[in-house]
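The exercises below concern one protein chain and are each followed by a worked solution. Work through them with the sequence and the model open.

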Amino acid sequence: MARQDQILMLDPPHELKFRGPFTDVVTANLKLGNPTDGNVCFKVKTTAPRRYCVRPNSGVIDAGTSINVSVMLQPFDYDPNEKSKHKFMVQSLRAPPDMGDMEGVWKEAKPEELMDSKLRCVFEMPSDSDKTHEGDSNKVLSSSLLKSESSLPKSASVSLDDGEVKKIMDECKRLQLEVQRLREDNRQIREDDGLRRRKTTSMSPPVSASGTAMREEGLTTRVLAFCVLFFVIGVIIGKLAL
């Protein structure tokens, strides 16, 4: 008994075109449509299984729906004088009502229940005019991107991602702790100097008081510098938040 005609609709129907360069994975898409009122099982096979990766390579297409199959050609050294002999075959059969294991369905299928379609593979390299057109398109795209970036609001152009904002916040916290530590050191120094003054009032020369004053002035200057730095960072964060 002769096999049935293919009930699935294939797009493209006869050949899969792969467009180079072939130094990277090249993908061709195959659309399988089920125009019937019942589910249809399908399976995709190739004469060069080591050269291609097919996803999905089998499954069930529901009634009145379609599925896209990605055929990925692995990188290889392309020879324009060598014609491709690779072929693909799409097998299908009507899914039984009580369908269980997919492999079991295919094993139990009778030859007259199977339907198939064959497609040949075609390798194409882009012509010089296509390369020029692609280069011009890339230039136009780059120019459009630059214009769109220049037209962004100032607040958007200086926006930072979450990681950078977190780093700034962590730095602010560290500065806060540093200022607090300096204040505590300054207070401790004052208390120590007060005790020494009370113990050695009669023996302490006037110069020590001026030296202490210089140390206090230096610490106060450092505290003010950190406060100014913290204020500047706070202003920057405020602008970014706008």
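**Exercise 1.** Find which residues of the largest nonpolar core touch the most other members, and state which strands supply at least two residues of this core.

*Solution.* Start with the definition: a nonpolar core is a set of buried Ala, Val, Leu, Ile, Met, Phe, Trp, Tyr and Cys residues joined through side-chain atoms within 4.5 Å. Buried means under 20% relative accessible area, exposed over 50%, and partly exposed in between, with a 1.4 Å probe and protein chains only. The model is predicted: local features need pLDDT of at least 70, side-chain atom pairs count only at pLDDT 80 or more, and totals for chains, interfaces and linings use all residues. Residues are numbered from 1 along each chain as its sequence is written, and side-chain values use heavy atoms, with hydrogens and water left out.

Next, list the members. The largest nonpolar core has 27 residues, of which F18, L30, L32, Y52, V71, F88 and F123 touch the most other members. At least two residues of this core come from each of β2 (15-19), β3 (26-33), β4 (40-46), β5 (52-55), β7 (66-73), β8 and β9 (115-124). Helices (H or I, at least four residues) and strands (E, at least two) are DSSP runs, numbered from the N terminus. A second, separate core has eight residues, including C41, L93, M102 and A109.

**Exercise 2.** Which residues is F123 in contact with, leaving aside its neighbours within four places in sequence?

*Solution.* Contact means heavy atoms within 4.5 Å. With those neighbours left out, the partners of F123 are F18, F22, Y52, L73, F76, Y78, S84 and H86. For the protein as a whole, take the contacts between residues at least 6 apart in sequence: 73% of them join residues at least 24 apart.

**Exercise 3.** Describe the largest pocket by its volume, its lining and the classes of the lining residues.

*Solution.* First, the method. On a 1 Å grid over the protein atoms alone, a pocket is an open set of points where a 1.4 Å probe fits, with protein on both sides within 12 Å along at least five of seven lines; lining residues have an atom within 4 Å of a point. Grid points are joined across faces, edges and corners, and a volume is the space filled by probe spheres set on the points.

Second, the values. The largest pocket holds about 230 Å³ of space. Its lining has 15 residues, and L93, R94, P96, V105 and E113 are the closest to its centre. Both β8 (87-94) and α1 (102-108) supply at least two lining residues, and α1 gives the largest share, three residues.

Third, the classes. Ala, Val, Leu, Ile, Met, Phe, Trp, Tyr, Cys and Pro count as nonpolar, Asp, Glu, Lys and Arg as charged, and the others, Gly among them, as polar. The lining then divides into six nonpolar, three polar and six charged residues.

**Exercise 4.** Is H14 buried or exposed, and which residues does H14 contact beyond four places in sequence?

*Solution.* H14 sits in the loop between β1 (9-11) and β2. Its relative accessible area is 59%, so H14 is exposed. Beyond four places in sequence, H14 contacts K118, L119 and R120. The C-alpha atoms of H14 and R120 are 6.6 Å apart, although 106 residues separate the two along the chain.

**Exercise 5.** Locate the cis peptide bonds from D11 to P12 and from G20 to P21.

*Solution.* The bond from D11 to P12 is cis, with omega near 5°, and P12 falls in the loop between β1 and β2. The bond from G20 to P21 is also cis, with omega near 5°; P21 is in the loop between β2 and β3.
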